[in-house]
Structures are given as structure tokens and as C-alpha cells.
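Hi,

Here is the structure I promised to pass on. Have a look, and my notes on the charged residues follow below.

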Amino acid sequence: DSVTGEAVEGAVFQIKYLGGTSGTGGTVIGTYKTSANGSFTVTGLEAGTYVVEELASDSGHVIDTAPQTAYISGKEQDVVELYFGNSPKGSLLIKKIDASTREPLSDVQFFVTESNGTVVGDSNGYFTTDSAGTILIEGIDPGTTLVAKETIAKEGYLLDDTPQTAEIKAGQTVTLEFRNQPKGSLVINKLDSVTHKPLEGVEFEITYSDGSYVDAGNGSLSSKGLYHTDKNGQIMLSGITGTVVVTEVESIPGYTIDPDTQSQTVVVDPDDTQELYFYNAPVGGVELTKVNEADKTERIPNTTFEIRRVSDDVLVDTVTTGKDGRAYLSLESGDYYAVETEAAEGFQVDPTPHYFEVEDGKTVSLTVTNKAFSGILIHKIDADTREGIYG
């Protein structure tokens, strides 16, 4: 070994006899292999010139010594020694680590070639990091330039496809270190805007800014990018990086979507955790009760009201009182008024607008009176049963 001086076993040599002292001609007298001590001996040689050429080294060394010539005098005890030095082959160690924690990353695939494009190894140039995050490629001829490029990153990490080169040196292990940035995380929080309690089951659509859907981690993709908050009112996504657009699609019964914050955009950087907060206002409402102005214990059914928004006078809905003289309508927070459009039989329509405010998911109670028409009501009944008598 030209570096360590250790013996190289298994190197193959060929010896040619040239004859005389002039070095003319050439007859192969045999091939020989070095033993465990790195040598072989040829005895009984005739006088003359011999050429010794190494044909092959062992698997860990390369032939880098030219053929040598020896002259044998033919006299007794004439021994000639020749020394051949072989450079040990080198190795390439690829290390893959987390850029933040420096922890090793397994299952990362690399493509390794020589500088001229020749693939390395028995798998068409592909290697995968082991549990220690390493790839060791041994038995490379010194002077060889290798190019390593990451082709598949570990789940949850960004691909680093910038190639690195290494020139292999005799008997040395050259190390290339690749670092992967972990992808980021996104936490979506859905809360009651009044109590701040978490809201479970709220549906969100989550698209990157280019329109592609965000998967749920580990490569699993939610149906069309739709996710629902858990019992903690959260959606937690890991292994994502980029500009993410989160849109609330559907709330749960009893709550309304705030159009001003319905869609939010956030940039998730590698090794970063971002949080978004969405608040839903609980749905309040109005309960209308229609009574007789002369006798407020008398409830009046079949009275119709229009409910309008004060800010723009837009008709929100129309309600009619039931048998108990009541009508209920769910409303978002805001200012409204109710106006009677149709009275019950025997009562006058009251066109007076009745203003009210719904806030913080509360229900407003509104009592409206009606005057009965003036006149005489004749009621003919059976004297015993007190049932009405028709006609």
C-alpha cells in the first residue's frame, strides 16, 4: 500500500523474459499472485532481463506503478527485489441531517455519478440513507470526481436538489453533508366570538396560493382540501411550506360566518409554526309576541311581520305568529325593525316599525299590540253546552 506501507494480498503480476542483456524479444514465463505478506518469489531464473508488470490489484487498491525491469546475472545467491506501491481506493460518505436539530435523516434518496455521467454502484446510481442518515460508497479510484444529488426527501422535509461534488483521494473517506429544512406547521383555531370556547365540526377548505390543495401530512390528501375542526376547535397540519389560503366553508348550527375573516392567507416557512384564528358569532334572534291592546293576556295568531335591516332597509325574512301568538326568527348581530303587514281577523294592522338590536347571540323579546275593530260581537251559544250555534 503506497500510503500505509501495508502488504497487499491478491495482486496479480505477469513476468516476461527478454533474453540476453539487450532486452530484445519477450516470452511470458508466468503469472503470479501476492500472498498474505504481499509478495511472491520466482526462483531458477536464467540470466537475462525480465519485465515485471502488475495486471490487477485487490479490490481495495488501484494499479498506479509502471512495469519494472530486472537483470538477473545467473550467479548463485543473485536475488533481485522489486517493490510495487498501490494506492488504496477511497470512499465517499454522504451524511443527511436536519438543518435545525442536526439529527440524522433516514430514507433520503440520492443519485450518484462520476463527473462524466457514469452511474456509480449496482442500482443505477441510486442510494438511500440508513438509520444513521448516511450512505458509504467504498472502493472508488483515487482522483475520481463524484457528483451526488438528492432526489427524494424524507417526509416532512424540503427537497435540497443542489448537487455536491467530491474528489476521491487515495485511502481517504471524503464526506459530503446535506441538510434538509423541515417543512412548517399550520394550526387553525375556531372559537366562539363571545365565550371563546372551541367550536368542533366547522368545515374549512385549505388551497395553496397556486390553487393546489394542502395534504394532511404523510402524503394523505383530504377530499378537495376540506378539513373539519376537532373537539379542541383545531385543525393541525404538519409538513407544509409556502403560502396557504384557508377559507371557512360551513359553520355549525347556531353560529354565523364572519365574511370579513372568512378567508385568511398565511406564509408558512420551513421549521415554522403559524396559527390562524377564526371567530364565529353565535346566532341570536327575535321573538315576537302579538297581544290584544285591550287585553294583553290575549295572544293573537296569524299576524304577519316583515323583518328588515336598519342599515340598508333590506328585507331579511317574513314571519307569522302561531296559535300562541308568537313568532321566532334567528338573526345575526345587528339592528333591525319589525313592521306588521297583515293583521289577524278582527284586528287592525299596526304599521308602526318596532326597532330592536340583536347582539352576542342573544334573543330579543318584542311584544306588539293590536287594536280590535270597533263594533258589536253577537255570540249565539247553546245554554247547556255553551257551544256556538251556526246560522
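**Charges and salt bridges**

Nine salt bridges turn up when the whole structure is searched (a side-chain nitrogen of Lys or Arg within 4 Å of a carboxyl oxygen of Asp or Glu). Bear in mind that this is a predicted model, where local features need pLDDT of at least 70 and side-chain atom pairs count only at pLDDT 80 or more, while totals for chains, interfaces and linings use all residues. Residues are numbered from 1 along each chain as its sequence is written, and side-chain values use heavy atoms, with hydrogens and water left out.

One of the bridges pairs Lys290 with Glu340, with the closest N and O atoms 2.5 Å apart. It ties together distant parts of the chain: Lys290 sits in strand β22 (residues 284-292) and Glu340 in strand β26, 50 residues apart. Strands here are DSSP runs of E, at least two residues, numbered from the N terminus. Both Lys290 and Glu340 are buried (under 20% relative accessible area; exposed is over 50%, partly exposed in between, with a 1.4 Å probe and protein chains only).

Lys89 and Asp141 also form a salt bridge, at 3.7 Å between the closest N and O atoms. These two are 52 residues apart, and both sit in loops. Lys89 is partly exposed at 22% relative accessibility, and Asp141 is partly exposed at 37%.

Then there is Asp312 with Arg309, whose closest N and O atoms are 2.9 Å apart. Salt bridges with shared partners also join Arg102, Glu177 and Arg179 into one network.

Cheers

Conventions:
Helix = DSSP H or I, 4+ residues; strand = E, 2+ residues; numbered from the N terminus.
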